[in-house]
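I opened this entry to keep track of what I looked up in one protein model. The structure comes first, then my notes.

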Amino acid sequence: MIVGKRIRLRADERSDIPSFVAWLNDREVTQYLLRNDPMSMAQEEKWFDRILDRPAEECPLAIEAALPGGWTLIGNTSFFDFNWIDRNAEVGIFIGAKEFWGQGYGTETMQLMLKHGFEDYGLNRINLRVYSNNQRGLACYLKSGFKQEGVLRQAVYRNGQFLDEIVMGILSSEWFGKERV
């Protein structure tokens, strides 16, 4: 378990599937995700069964927030597309519980993921892709130390419009050299 000030990251559990399905069927939640087609319980269960065969570092982590009554599931995060020769990976995150949006939970999660990637896995570079209209995501990533590295012009089609996809990255030297939030 990876524990921060207000959140913890733990392995996904089968009992999390109903929350994931609810979030992944909410267009407001999925507008910034690669997937935006309706998701069935059976599809999510099949996905869960497949992740059990992945190496530990590629398994998604549930994001839980500390509340007075205990821990509450609010989202999911993971590393993927590891390149162990070049020591890099991509990171993804989503806060599915909308009542936790805009309160810094995404930034705290990203800080924990960067710490985990650089300090536990010894990565040199962590990157991500974000749609140009995802203002909360962009703010979170910039605050976490990511730098814009490029723009894939009109790379995605969402809600009847083409959007740019922004490529961002952070190096271990930048992470270890910066003051933490």
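**Elements and overall form**

I counted six helices and eight strands in the protein chain. Helices (H or I, at least four residues) and strands (E, at least two) are DSSP runs, numbered from the N terminus. I read their order from the N terminus as β-β-α-α-α-β-β-β-α-β-α-β-β-α.

I noted that this is a predicted model, in which local features need pLDDT of at least 70 and side-chain atom pairs count only at pLDDT 80 or more, while totals for chains, interfaces and linings use all residues. Residues are numbered from 1 along each chain as its sequence is written, and side-chain values use heavy atoms, with hydrogens and water left out.

I looked up the radius of gyration, which is taken over C-alpha atoms; the globule rule is 2.2 Å times the number of residues to the power 0.38. The protein chain has 16 Å, which agrees with the value near 16 Å for a compact globule because the chain has 181 residues. The C-alpha trace spans about 40 × 40 × 35 Å along its principal axes.

**Inside and outside**

I checked burial next (buried means under 20% relative accessible area, exposed over 50%, partly exposed in between, with a 1.4 Å probe and protein chains only). Buried residues make up 47% of the 181 residues.

For contacts I used heavy atoms within 4.5 Å. Not counting residues up to four places away in sequence, I found Met110 touching Val91, Ile93, Leu128, Cys140, Tyr141, Ser144 and Phe146.

I looked at Thr109, which lies in helix H4. Is Thr109 buried or exposed? Thr109 is buried, because its relative accessible area is 0%. Leaving aside neighbours within four places in sequence, Thr109 is in contact with Ile7, Leu9, Ile63, Thr77 and Ile93.

I turned to Ala56, in the loop between helix H3 (41-51) and strand E3 (61-67). Ala56 is exposed, because its relative accessible area is 64%. I also noted that Ala56 and Ala11 are 45 residues apart in sequence and 9.3 Å apart in space, C-alpha to C-alpha.
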